[in-house]
Number of protein chains: 2
Amino acid sequence: MTISETSTTRWLTAEEQHAWRSFARAARLLFAQLDHDLSRDAGMAPGAYELLVLLAEAPQRSLRMNELAEATLSSPSRITHAVGRLVDLGWVSRSSCPSDRRGWLAVLTDEGQSALAAAAPRHVEHLRAHLIDGLSAQDIADLRRISEAVLSRLPASGTAAAGCPTALVAAVEDCPPE
Amino acid sequence: MTISETSTTRWLTAEEQHAWRSFARAARLLFAQLDHDLSRDAGMAPGAYELLVLLAEAPQRSLRMNELAEATLSSPSRITHAVGRLVDLGWVSRSSCPSDRRGWLAVLTDEGQSALAAAAPRHVEHLRAHLIDGLSAQDIADLRRISEAVLSRLPASGTAAAGCPTALVAAVEDCPPE
DNA sequence: CAGCAACAGTTGAACGTTCAAAAAAGGGAC
DNA sequence: GTCCCTTTTTTGAACGTTCAACTGTTGCTG
């Protein structure tokens, strides 16, 4: 049977097709490039930077495994493994949660803070070079609007974060001096 | 040393930061969701759908490994492994390249064509539900414009395609009946 | 027609994510 | 206080990508 006989699928128009393919290609290339840069410059595995940023921004430089999983849209299992690697690197330490004996806190160490501070400037430069500086203020606003529209239609707490690793930008300029 | 003392890094403005984080979050969630849907509905590994689409659109339903690598922005090694899995599934067969004894052609089999035709309608529905139908015509146009601006600033043939798997939409409605 | 750099593709190990299963603790209901 | 369901986290195997060799072919240079 051919599709056209049995389905009423609303295929994409040429416009939609073009937009989607361009978007998919751009996003893939962008994320891959940023991860590659981050790995090259700072030796950070995909996603590690994001975890460090989240911890650096958190109240006591610490977050529960659960919170890390939700913030990064990834599975608890991934967090366990990823934090384990950061612990091995000395960038994070574990601390048992005082209020819930099941829980664990991941705490950013001074070494982790330093590694993040060292990596951030180059990361921001790359992000500007690959994305921000090529866009007008209007583009930025459009991108945000469209992204938020997409987010509003996606499963609120979709536990899904593939390789698509992406890095946040740390507010390291506010970090206490070492 | 603190960053602020030694660097002239142009940090992101609040607007840029918001746009970037929304974009990154939306793109990640979107791609992950689409891959998850595709894996659930059609049993296709991340990226498999894209390879099948490319082959279906190609002249003789066949492309060289090299061409697949370039079109998917991925490494030759990934193509070798990925095509190997598709061959095991019976969706693709290998054929030696007549014009270049080093080369190999990946050829979409009838089974592969059927699998793609079966998967495409649901994939398009998901893509519409998660992305297209939530956007206005203006949004679509903006998304395309911004994506192309980003692409124009990225390394032309950046051999980089992380997990960020993304699927194209097949033009399966034009496929010959089986 | 050697010699040799570049190209096309494969191989296998290392790495990170996903998945299913399990251990351990919280929070109610009775 | 005990049963039971839920939540939090870990574990180890399976899977896919990346990376660094490696094989074989092309095509250019002298």
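This briefing walks through a predicted model of protein chains A and B with DNA strands C and D.

Because the model is predicted, local features need pLDDT of at least 70 and side-chain atom pairs count only at pLDDT 80 or more, while totals for chains, interfaces and linings use all residues. Residues are numbered from 1 along each chain as its sequence is written, chains are lettered from A and ligands numbered from 1 in the order in which they are written, and side-chain values use heavy atoms, with hydrogens and water left out.

**Around DNA strand C**

- DNA strand C is surrounded by 23 residues, where a residue is near a strand if one of its heavy atoms lies within 4 Å of it.
- The closest of these are Ser77(A), Arg78(A), Arg85(A), Asn66(B) and Thr80(B).
- Sugar or phosphate makes up 74% of the atoms of DNA strand C within 4 Å of the protein, and bases make up the rest.
- Two polar contacts (pairs of N or O atoms within 3.5 Å) involve phosphate oxygens: a polar side-chain atom of Thr80(B) lies 2.5 Å from one, and a polar backbone atom of Asn66(B) is 2.7 Å from one.
- On the base side, a polar side-chain atom of His81(A) is 3.4 Å from a base oxygen of DNA strand C.
- Helix 5 (76–89) of chain A, helix 4 (65–71) of chain B and helix 5 (76–89) of chain B each give at least two residues to this surface; helices here are DSSP runs of H or I with at least four residues, strands are E runs of at least two, and both are numbered from the N terminus.
- The surface near DNA strand C holds seven nonpolar, eight polar and eight charged residues; Ala, Val, Leu, Ile, Met, Phe, Trp, Tyr, Cys and Pro count as nonpolar, Asp, Glu, Lys and Arg as charged, and the others, Gly among them, as polar.

**Around DNA strand D**

- DNA strand D also has 23 residues around it, with Thr80(A), Arg102(A), Ser77(B), Arg78(B) and Arg85(B) the closest.
- Of the atoms of DNA strand D that come within 4 Å of the protein, 70% belong to sugar and phosphate.
- Phosphate oxygens of DNA strand D lie 2.5 Å from a polar side-chain atom of Thr80(A) and 3.1 Å from one of Arg94(A).
- A side-chain N or O atom of His81(B) is 3.4 Å from a base oxygen of DNA strand D.

**The sheet in chain A**

- Three strands form an open antiparallel sheet in the order 1-3-2; two strands pair if DSSP finds at least two bridges between them.
- Strand 1 (62–64) and strand 2 (92–96) are the edges, each pairing on one side only.
- Strand 2 and strand 3 (residues 104–108) of chain A share five bridges, and Val92(A) stands opposite Leu108(A).
- Helix 5 of chain A packs on this sheet, touching strand 2 and strand 3; contact means heavy atoms within 4.5 Å.

**Chain B**

- Helix 2 (residues 14–42) has 29 residues and spans 41 Å from first to last C-alpha, close to the expected 42 Å, which is 1.5 Å times one less than its number of residues.
- Gly43(B) follows helix 2 of chain B and has a positive phi, near 65°.
- Strand 3 (residues 104–108) of chain B runs antiparallel to strand 1 (residues 62–64), with three bridges, and to strand 2 (residues 92–96), with five bridges.
- Facing pairs include Arg64(B) with Leu105(B) and Arg94(B) with Ala106(B).

How values were computed: A polar contact is a pair of N or O atoms within 3.5 Å; within protein, one must be able to donate a hydrogen and the other to accept it, and residues adjacent in sequence count only if both atoms are side-chain atoms. Axes are lines fitted to C-alpha atoms, for helices over the stretch in contact, and angles run from 0 to 180 degrees between N-to-C directions.
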